Amino acid sequence: MADTLDSAPSPYRGLTFVWILTVLALFPILVILGFFLRALQADYMTKLRPEWFYAVMTLHGLGMVGTWYVGSMAGVSYLLSRYVKPSVVISRIAFGATLLGVVLLLACTLIGRLGVGWYFLYPLPLHSKGVWPAWATAAFLGSLGVFGVGWTIWSLDLLRAIAQRYSFSAAMAWHYLRGKQNPEVPPLVLIVTVSMVSSLAGFVAAVVLLVLYVLELLGGFNNDALLMKNLTFFFGHVLVNITMYLGVAVVYELLPAYAGRPWKTNKIMALAWNTVLFLVMFAYLHHLYMDFAQPQWLQYLGQISSYLISVPAAVVSIFGALLLVYRSRMRWNLVSLLMCFGVMGWAIGGVAAVIDSTVAVNLRFHNTLWVPAHFHTYYLMGVVLMILAFAYYLGEQGSGIAERQGLTKLIVALIVLGGYGFLMMFYYGGAHSVPRRYAHYPEEVSQGIGQARVALVFISLLLVGLALYLWETARRCFKALSASSASS
Amino acid sequence: MRWSLDSFCRTVTLLLALVARGFAQGGTSDAVGLPDEARYLNNALPDIRVQTIERPDLRLSDLWGDQPVLLTMVFARCAGICSPFLRSLKSTVDRVGGLGLDYRVVVLSFDPKDSPADMASLARHLGIPSDGNWVFGTSEPAQVQRVAAGMGFWFTWNAEREQFDHPAMIAGVRHGQILRLLIGGTVAPVRLREVVDELNGGFVKAYPLPGKALFRCFQYDPATQKYRPDWGFLLLFLPGSVALFGTFWIFRTARR
């Protein structure tokens, strides 16, 4: 565990700046798209066709998921380079694939107006009914394929890098389970190993899914909708979970430096993250509670897995973070504040997720605004804050620009107030049965219009906070980058 | 590097073109002209007059009033699917049982040239007794057209072959409303049992739609009312297995 801040530039440094600046450029655009979606729901653009809502929703959803996945991967790759040697070339290939995928995604949504949502549930992409052209679906599947290839190679490379220093049992910290402390394995290595194995499984599911789509298009037969839905959520749920775990891995690695205490792997942590590797493969089943064709034993498995998975990863990490900070000589700045608020958001979103993963509750909350409420909580107020913390940390190292405490407090206050205010409107709407994915609310659920209007105020606050954050972070990143280039 | 980038771009373009071509050809089941069951479920069928050789003035409601009905449409001169289809239906009805108790079968001609006698002759040819549980009849062309439209059935005259083009299908009807469509020239006992169960108030959780599915996740067995995993279920184990074996291989072959 590296308990001091970076002193030597990593060969990864320049490329990580490119990744992070790309993420920081995409994020406000995607937030503005989210603002647009809520503005439509607030009835401010009544003349705009609903197809635009679904096309923008697809871009916003897939864009956010992809952006934060690559952001978290860039973060852990950089931090992992303290212990092992990930390939810079592979990271560049992943960057190229990501850019190509983004271009295809922009084309199919903004030009083709493809509106399948980021989960593209079968058979919707194949039945546009004239709303979007055939090429848009082809481009969409192509973008997923390109993302998948680039990110799979990246995941394999991180595993290769870890494997060159640690055996599999060591990387999985199995010796801690037997009471041994040597070799010392940083939590970052353990979490990244678990996450990369899981993400590989998710990407294989995506490959099977895409192959079945293409076979249906070329072969003239139908696919089994239940099989396609299982594969879709296996891929999607794992990808989102892994993004969160990678964000948490960044916290495990960076927070100790600010708390002035080490955060080392121990038996409980090893057990927790090994359990995650098993449970993460089954937790997605809670997305299929309302599919009565799914056998009951799988529904039980989904309920049990969804409950259990919150214990090892979330509870162990959250209590670990609390213990680390408790009575420590914490150095509070934008990095440590964002990380702590990120862990808090993860906890709150996790509780909301556990509530929704209860079958009896899901019966009421399924497809209401509660669903976007919980995943926006652990994304926007969870992993996003963790990666924003990393981005600021990266810029902070080597830029030499002093932090202004007042501005830091203002940024954090605006982001937290704007973020939770925006989320509260989702939760309130969900608890009052306002459905999700409606471009315009009909009279029966017209209360959603008012909630969307209030949400817009909070999103505006969030955007102001974000603009200040971006200014502060970007100027540090550019200065650190130029200093790094000059020294090399 | 430039060559490989060009190759990569060309490959991606080719793949996109192939997939787009698949769309242009309409590679889904919509293309084969079979009715989409979801569009016809709960449709109320018109209560038309039907003539049989025994009862020249019958209404469909006389038949579905006290018992659910399996309604199918054929024509007596058919040199194609009609006879094999009716034989398959008879054989399956004999296997599944319940005829006369749980349902009756109505075979309606859509050919204006068919008479009740032609239909009775067809029944005799297939070895089907005229005991009231099988009803072979005709109706006015306009009335037949209404029923056909209500259940998604279509027929077009092919002058060259002097035959009608048409699908083979059965509508499960309870109190005049369509509960299920069974589409295809061969009637599988497992599917007919589902329809009969549903016509008699049972809840069938899942059943396959017409068209060839490459892999199914689960198959529902209406006889035992249980699901059993099918080949597609194995695909759900593939991601985890590939990831684990791949990881073991990476760690095993890595040079430390």
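I began with salt bridges, taken as a side-chain nitrogen of Lys or Arg within 4 Å of a carboxyl oxygen of Asp or Glu, and the count between chain B and chain A came out at zero. This is a predicted model, in which local features need pLDDT of at least 70 and side-chain atom pairs count only at pLDDT 80 or more, while totals for chains, interfaces and linings use all residues. Residues are numbered from 1 along each chain as its sequence is written, chains are lettered from A in the order in which they are written, and side-chain values use heavy atoms, with hydrogens and water left out.

I next looked up the area that chain B and chain A bury between them, which is about 3800 Å², with 79% of it on carbon and sulfur atoms; buried area here is the accessible area (1.4 Å probe) lost on putting two parts together, summed over both. I noted that the contact (heavy atoms within 4.5 Å) takes 51 residues from chain A and 41 residues from chain B.

I then turned to the sheet of chain B, where I found five strands (DSSP runs of E, at least two residues) in the order β5-β4-β3-β8-β9, forming an open sheet with mixed pairing. Strands count as paired if DSSP finds at least two bridges between them. In chain B, β5 (134-137) and β9 (177-183) stand at the edges with a single partner strand each, so one side of each has no neighbour in the sheet.

Methods: Helix = DSSP H or I, 4+ residues; strand = E, 2+ residues; numbered from the N terminus.
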